[in-house]
Amino acid sequence: MFGFDFIFVFVFGFVMVCFVFVIVNGIAEWNRNNHSPRLTIHAVVISKRTKVTHNHHAAMGDSTGAHGYHSTASTFYYITFQADSGDRMELRVKSSHYSMIAQGDEGSLTFQGTRFLNFQ
């Protein structure tokens with residue numbers, strides 16, 4: 001019985017440490033972005049990509065009485081820009097910006113840290 005208790009506490013502790021780590025990293029990045037200057041540079045769109053994540057949730061107690069799974073998907077949009085200096089940066093953008101920007105477009109990129117603000 002001691003072994004099960006130890007493993008349970010260890011796994012629970014590990015999951016909690018990972019959860020706190022993700023939250024702290026997110027807050028730290030948000031804070032760094034807020035303290036970074038807003039920059040506007042000339043840039044060229046090098047590439048675009050999407051990342052789709054799937055989540056499966058138990059769908060218990062639905063109106064049919066059946067127990068199954070409910071699946072949801074989230075799509076994240078990324079664009080890689082290249083500055084005149086040759087530096088490249090990939091920024092996460094909203095779907096509305098993603099659909100309006102094409103590979104090869106040139107313009108003024110405004111960003112703050114790792115946060116995309118605008119591209120004209």
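Rings of Phe, Tyr and Trp (its six-membered ring) pair if their centres lie within 6.5 Å. In this predicted model, ring pairs join Phe81, Phe116 and Phe119 into a cluster. The whole structure holds 5 aromatic pairs. In one of them, Phe6 and Phe10 have planes at 20 degrees, so the pair is stacked. These two residues are 4 apart in helix H1, about one helical turn. Phe81 and Phe119 form a tilted pair. Phe81 belongs to strand E2 and Phe119 to strand E5, so this pair ties together parts that are 38 residues apart in sequence.

| Aromatic pair | Centre to centre | Angle between planes |
|---|---|---|
| Phe6 and Phe10 | 6.3 Å | 20 degrees |
| Phe81 and Phe119 | 5.3 Å | 45 degrees |

Phe6 is exposed at 51% relative accessibility, and Phe10 is exposed at 54%. By contrast, Phe81 is buried at 0%, and Phe119 is buried at 11%.

Charged side chains come next. The model has 1 salt bridge, formed by Glu90 and Arg49 with 2.7 Å from N to O. Glu90 lies in strand E3 and Arg49 in strand E1, so the bridge ties together parts 41 residues apart in sequence. Glu90 is partly exposed at 39% relative accessibility, as is Arg49 at 36%. Arg49 also lies over the face of Tyr78, 4.2 Å from the ring centre. The charged end of Lys48 sits over the ring of Tyr98.

The largest pocket has a volume of about 290 Å³. Its lining consists of 13 residues, and Arg92, Val93, Thr114, Arg115 and Phe116 lie nearest the centre. The lining comprises 5 nonpolar, 4 polar and 4 charged residues. Helix H1 and strands E2, E3 and E5 each supply at least two residues of this lining.

Technical notes. Residues numbered from 1 in each chain as written. Predicted model: local features only at pLDDT ≥ 70, side-chain atom pairs only at ≥ 80, totals over all residues. Heavy atoms only, no water. Salt bridge = Lys/Arg side-chain N within 4 Å of Asp/Glu carboxyl O. Buried < 20%, exposed > 50% of the residue type's maximum accessible area, 1.4 Å probe, protein only. 1 Å grid on protein atoms, 1.4 Å probe; cavity = no way out; pocket = protein on both sides within 12 Å on 5 of 7 lines; lining within 4 Å. Points joined across faces, edges and corners; volume = space filled by probe spheres on them. Nonpolar A, V, L, I, M, F, W, Y, C, P; charged D, E, K, R; others polar. Phe/Tyr/Trp six-rings, centres within 6.5 Å; stacked < 30°, edge-to-face > 60°. Lys NZ or Arg CZ within 6 Å of the ring centre and 35° of its normal.
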